[in-house]
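Please keep the model in view while working through the numbered points.

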Amino acid sequence: MIRSYIYFALTLGLVVVVFLMIALDIDTQTIELRLPTLLLVLGLFGMSIYIFSQLMVKRITRPLEHIAEAIERMGKGEYKERLSITADYEFSVIQHRFNEMAESLEQAERENRRLQDSKQRMLADLSHDLKTPVTTIQGYAKALQLGLVDSQEKKERYLQLIYNKATVVTALIDDLFRLSKLERPDYPISVEQGDLAELLREIAADYYDAMEDKGMVMELDIPSGEVMADYDPGLMRRAIANLLSNAVQHNSGGTVVLIALEELAEDVRIRVQDNGGGISDELKEVIFDPFVRGDAARPGDGGTGLGLAISKQILELHRGELRLDNRNGLTVFELVVRKKPGTGESAAGHE
């Protein structure tokens with residue numbers, strides 16, 4: 001813009017100089033204005049105005065038209081729109097800000113689409129996971145109601161199956177309710193300083209028999225001393241237990257499960273690692289979404305599919321992280337727990 005004004009000033013100055021050279025009589029120090037001189041000056045002035053206006057069209061009007069068209073297309077939902085115009089500094093700043101805004105809107109649209117897809121998938125999976133056990137319960141209950149069970153042993157087996165399926169439905173509803181509460185940004189957590197090493201040893205002891213019964217091997221790499229951090233004991237126990245439960249459910253005999261703890265300057269890192277069936281790269285992108293399971297099939301007894309989502313939400317409430325590394329034939333879940341999460345303590349309890 002400044003260059004345009006300078007150009008106009010120089011052009012106007014040139015017209016004035018030409019006018020003075022033609023009309024000024026140096027001897028008499030007078031200006032003699034004749035019609036041809038006036039027409040020439042007016043012609044030069046008009047030409048200067050025309051050239052300046054064309055320059056303004058190129059430097060101002062056309063960039064504004066491009067910006068207006070881009071805004072109009074973006075208003076119709078075309079968030080991939082980007083400006084690419086050659087203009088002065090002022091318009092280059094506008095272009096840069098516009099492209100940043102477009103990038104943010106496109107990213108928000110992608111995230112919204114992903115959330116919508118996730119919601120649809122979650123509803124479909126919830127319907128599937130509820131329908132399967134409920135249908136089984138209805139079938140066995142109907143058989144008992146109609147008196148089709150001819151032996152006490154068979155009747156007891158049917159009742160046990162009904163109870164087991166009802167337990168599955170209850171667990172699913174409980175996990176779904178818990179996840180919905182954890183997703184609230186104001187969910188109250190009771191943070192206190194505790195020994196993560198001792199907590200990890202306790203949880204490992206809880207799962208030792210389950211792994212031994214399945215022929216799996218548990219290995220521990222936990223410091224013998226205290227590893228202190230601020231966390232909610234109940235929620236953190238749940239987050240770690242979900243990972244161990246996941247390892248037991250989705251791996252077979254002979255799998256080695258390593259539970260390790262490492263203390264760093266600002267945080268503590270807990271690693272649950274196994275060399276079992278593994279998780280594909282495709283599943284890695286959505287493994288922490290509700291109802292996603294580590295196996296391709298969806299067996300009815302494969303858990304609720306909410307454990308990892310709950311664990312991730314718990315870590316985020318603590319300002320920590322839960323991440324997956326599935327390289328080198330290993331499945332490694334790493335929990336990053338901040339020593340001082342800065343979330344503050346809450347007197348409210350939790351379930």
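This is a predicted model: local features need pLDDT of at least 70, side-chain atom pairs count only at pLDDT 80 or more; totals for chains, interfaces and linings use all residues.

1. The chain has 351 residues, of which 34% are buried. Its secondary structure comprises eight helices and nine strands. Among contacts between residues at least 6 apart in sequence, 70% join residues at least 24 apart.

2. Several helix pairs deserve attention. Two packed helices are described by the angle between their axes and the distance between the axes. Helix α5 spans residues 196-213, and its axis comes within 10 Å of the axis of α6, at a crossing angle of roughly 30°. An angle under 35 degrees counts as roughly parallel, and α5 is therefore roughly parallel to α6. The crossing of α5 and α6 is right-handed. On the α5 side, the contact includes Leu196, Leu199, Leu200, Ile203 and Tyr207; on the α6 side, the residues include Met236, Ile240, Leu244 and Val248. By class, the contact of α5 with α6 has 13 nonpolar, one polar and three charged residues.

3. Helix α6 also packs against α8. Helix α6 covers residues 233-249 and helix α8 covers residues 307-317. Their axes are 9 Å apart and form an angle of about 145°. Here the crossing is left-handed. From α6, the contact draws on Leu235, Met236, Arg238, Ala239, Asn242, Leu243 and Asn246; from α8, the contributors are Gly307, Leu308, Ile310, Ser311, Ile314 and Leu315. Eight of the residues in the contact of α6 with α8 are nonpolar, four are polar and one is charged.

4. Which residues of α4 and α8 make the contact between these helices? Helix α4 runs over residues 152-182, and its axis comes within 10 Å of the axis of α8 while crossing at roughly 25°. The two helices, α4 and α8, are therefore roughly parallel to each other, and their crossing is left-handed. Asp175, Arg178, Leu179 and Leu182 of α4 meet Ala309, Ile310, Gln313, Ile314 and Leu317 of α8. The contact of α4 with α8 divides into six nonpolar, one polar and two charged residues.

5. Is each of them buried or exposed? Glutamate 106 has a relative accessible area of 15%, so it is buried. Glutamate 103, by contrast, is partly exposed, with a relative accessible area of 36%. Leaving aside neighbours within four places in sequence, glutamate 106 is in contact with Tyr79, Lys80 and Arg82. With residues up to four places away in sequence not counted, glutamate 103 touches Arg82 and Arg110. The C-alpha atoms of glutamate 103 and arginine 82 are separated by 8.4 Å, and these residues are 21 apart along the chain.

6. The remaining points concern the later part of the chain. Threonine 331 lies in strand β9, which covers residues 331-338. Its relative accessible area is 3%, so threonine 331 is buried. Apart from residues up to four places away in sequence, threonine 331 touches Val272, Gln273, Asp274, Gly278, Ile279, Leu324 and Asp325.

7. Glutamate 285 lies in the loop between α7 (281-284) and α8. With a relative accessible area of 66%, glutamate 285 is exposed. Its C-alpha atom is separated by 9.5 Å from that of leucine 324, which is 39 residues apart from it along the chain.

8. Most residues other than glycine have a negative phi. Arginine 319 has a positive phi of about 60° although it is not a glycine. This arginine 319 is placed in the loop between α8 and β8 (321-325).

Notes:
Residues are numbered from 1 along each chain as its sequence is written. Side-chain values use heavy atoms; hydrogens and water are left out. Axes are lines fitted to C-alpha atoms, for helices over the stretch in contact, and angles run from 0 to 180 degrees between N-to-C directions. Helices (H or I, at least four residues) and strands (E, at least two) are DSSP runs, numbered from the N terminus. A crossing is left-handed if the near helix is turned anticlockwise from the far one by less than a right angle, and right-handed if clockwise. Contact means heavy atoms within 4.5 Å. Ala, Val, Leu, Ile, Met, Phe, Trp, Tyr, Cys and Pro count as nonpolar, Asp, Glu, Lys and Arg as charged, and the others, Gly among them, as polar. Angles under 35 degrees count as roughly parallel, over 145 as roughly antiparallel, 65 to 115 as roughly perpendicular and the rest as oblique. Buried means under 20% relative accessible area, exposed over 50%, partly exposed in between (1.4 Å probe, protein chains only).
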